[in-house]
Amino acid sequence: MSAGLEGLKRDVIDNVDGMADRLREIGHRIFDNPELKFEEFKAVEWLTEELEEKGFKVEREIGGLETAFLGRCPNGNEGPTIAYLCEYDALPGLGHACGHNLIATTGLGAGLALCPLMEELGGSLLVIGTPAEEGGGGKIELVENGVFDEVDVAMMVHPADQTLIGRGSLGVKEIKMDFYGKASHASSEPEKGVNALDAAIATFNNINALREHIEDSARVHGIITDGGKKPNIVPEHAGALFYVRSPNNDYLEELIGKVKKCAEAGALAAGADLEVSQQGHAYRPMKPNPVLVEYFRDNIESVGVEVEEQKGGMGSTDMGDVSQVVPAIHGYVKIVEEGVPAHSKEFARAADSEEGYKGMIAAAKALGMTGVDVLGDRETYEKIRGSLGE
Ligand SMILES: [Zn+2]
Ligand SMILES: [Zn+2]
């Protein structure tokens, strides 16, 4: 790397250090005011105010979402456009147990730290506020509505119990099953009934048998949402919901076909009718860009964070959809003792702890420094654009 880029990276580090207290304060304020998906009005107000105060031009309610925003650094010129993404939604009953308050200030910090260097670097810099990661698929709507059309590289970091850089995520579809039978007295005239619950239970058993023979990385897991009304009535309706997940789009479709067969067989055995439909947004798998991953790894290691080997299972995120249209990274930075799962009370405490803010500051520096790599050397940028994720 040229000495020039090294100097700019040092500037990024100094800039983040200079605003560290402010970033903590905003992170803490968002933590203290948890807002559920699509209702993140306060978080958006605080983040956009901060961006505007530092000279960013902010567009609100972008991509058809009330709590999405796009901040544009006023400096810069010809060249690629990079975007730092902020999440800020909380979980029902648990507050910021996924640490999205820290994702918000990581993206904000990286953007504010890099913006003053944009004249020298060239290109354009955006900070994009992406609502409703938790089950709302905010980024999917932003992708569909063209918000990422002007973006060449997208980056974000999520807090976790380990620092993992190239971790992907699974594509997921939510499958709803309705089984229709016939009600009857379950004791005096059971022979006149058709038991929809039996069809659902047979479906679960069929899927349990299927699971032995699917790819290791895939997941199928479900619940019964309706199992009848009373033991003395043969259930005339039963409902089930399944998540089917895979890191591979084609395999996901193949697996959904097999899961449907399991339901058809269950319904057939019980003599019930079946309706299968897809619910909500389908999340696509995350493809971490391998070139970005290496730059980000070097940068976060250079600010003293130890990166661990990829291990453990994966969930799903709407960043997957972004990674299908532009080169992207979704790194993880350690903020809590290994083994503490996200979406737990302990993880929520970590999201407002000294460790949490330390991780956020390191991640903001590494994101900003990776921005220097992407924009500061056209060869690096071409390598990123030319290299597909897995
Ligand atoms: Zn979460
Ligand atoms: Zn999360």
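Helix 7 covers residues 196-211, and its 16 residues should span 22 Å at 1.5 Å a residue. The C-alpha atoms at its ends lie 23 Å apart, which agrees with that expectation. The model discussed here is a predicted one.

- The buried residues of helix 7 include Ala-196, Leu-197, Asp-198, Ala-199 and Ala-200.
- Further along helix 7, Ala-202, Thr-203 and Ile-207 are buried as well.
- These buried residues pack against three strands, namely strand 6 (171-180), strand 7 (219-226) and strand 8 (237-246), and against helix 8 (249-270).

- An open sheet is formed by four strands in the order 7-8-6-9, with antiparallel pairing.
- Strand 7 and strand 9 (273-283) are the edge strands, each of which pairs on one side only.
- On average, and with direction ignored, neighbouring strands of this sheet are turned by 20° against each other.
- Within the sheet, 10 bridges link strand 6 to strand 8 in the antiparallel sense.
- Ile-175 has Phe-242 in strand 8 as its bridge partner.
- Helix 7 packs on this sheet and touches strand 6, strand 7 and strand 8, while its direction makes about 20° with that of strand 8.

- Strand 10 is largely enclosed by the rest of the structure, because seven of its seven residues are buried.
- Ala-328, His-330, Tyr-332 and Lys-334 point one way from strand 10, whereas Ile-329, Gly-331 and Val-333 point the other way.
- The residues on both of these sides of strand 10 are buried.
- Strand 5 (residues 153-160) runs parallel to strand 10 and is joined to it by seven bridges.
- Val-157 has Gly-331 in strand 10 as its bridge partner.

**Domains**

- The domain assignment of the protein gives domain 1 as 3-168 + 286-386 and domain 2 as 171-283.
- A distance of 38 Å separates the C-alpha centres of domain 1 and domain 2.
- Eight residues from domain 1 and six residues from domain 2 take part in the contact.
- On the side of domain 1 that touches domain 2, one residue is nonpolar, five are polar and two are charged.

**A buried loop residue**

- Glu-35 lies in the loop between helix 2 (20-32) and helix 3 (41-53).
- Glu-35 counts as buried because it has 20 C-beta neighbours inside 10 Å, and 20 or more is the cut-off for that class.
- Although Glu-35 and Ala-90 are 55 residues apart along the chain, their C-alpha atoms are separated by 5.4 Å.
- Beyond its neighbours within four places in sequence, Glu-35 is in contact with Glu-40, Phe-41, Lys-42, Ala-43, Asp-89 and Ala-90.

**Loop residues with positive phi**

- Glu-61 is found in the loop between strand 1 (57-60) and strand 2 (69-72), and its phi is near 50°, a positive value in a residue other than glycine.
- Glu-61 counts as exposed because it has 12 C-beta neighbours inside 10 Å.
- His-343 is found in the loop between strand 10 (328-334) and helix 11 (345-350), and has a positive phi of about 65° although it is not a glycine.
- With 13 C-beta neighbours inside 10 Å, His-343 counts as partly exposed.

Terms used:
Residues are numbered from 1 along each chain as its sequence is written. Chains are lettered from A and ligands numbered from 1 in the order in which they are written. This is a predicted model: local features need pLDDT of at least 70, side-chain atom pairs count only at pLDDT 80 or more; totals for chains, interfaces and linings use all residues. Helices (H or I, at least four residues) and strands (E, at least two) are DSSP runs, numbered from the N terminus. The expected span of a helix is 1.5 Å times one less than its number of residues. Two residues are in contact if their C-beta atoms, placed from the backbone, lie within 7 Å. Domain bounds come from an automatic or database domain assignment. Ala, Val, Leu, Ile, Met, Phe, Trp, Tyr, Cys and Pro count as nonpolar, Asp, Glu, Lys and Arg as charged, and the others, Gly among them, as polar. Two strands pair if DSSP finds at least two bridges between them. Axes are lines fitted to C-alpha atoms, for helices over the stretch in contact, and angles run from 0 to 180 degrees between N-to-C directions.
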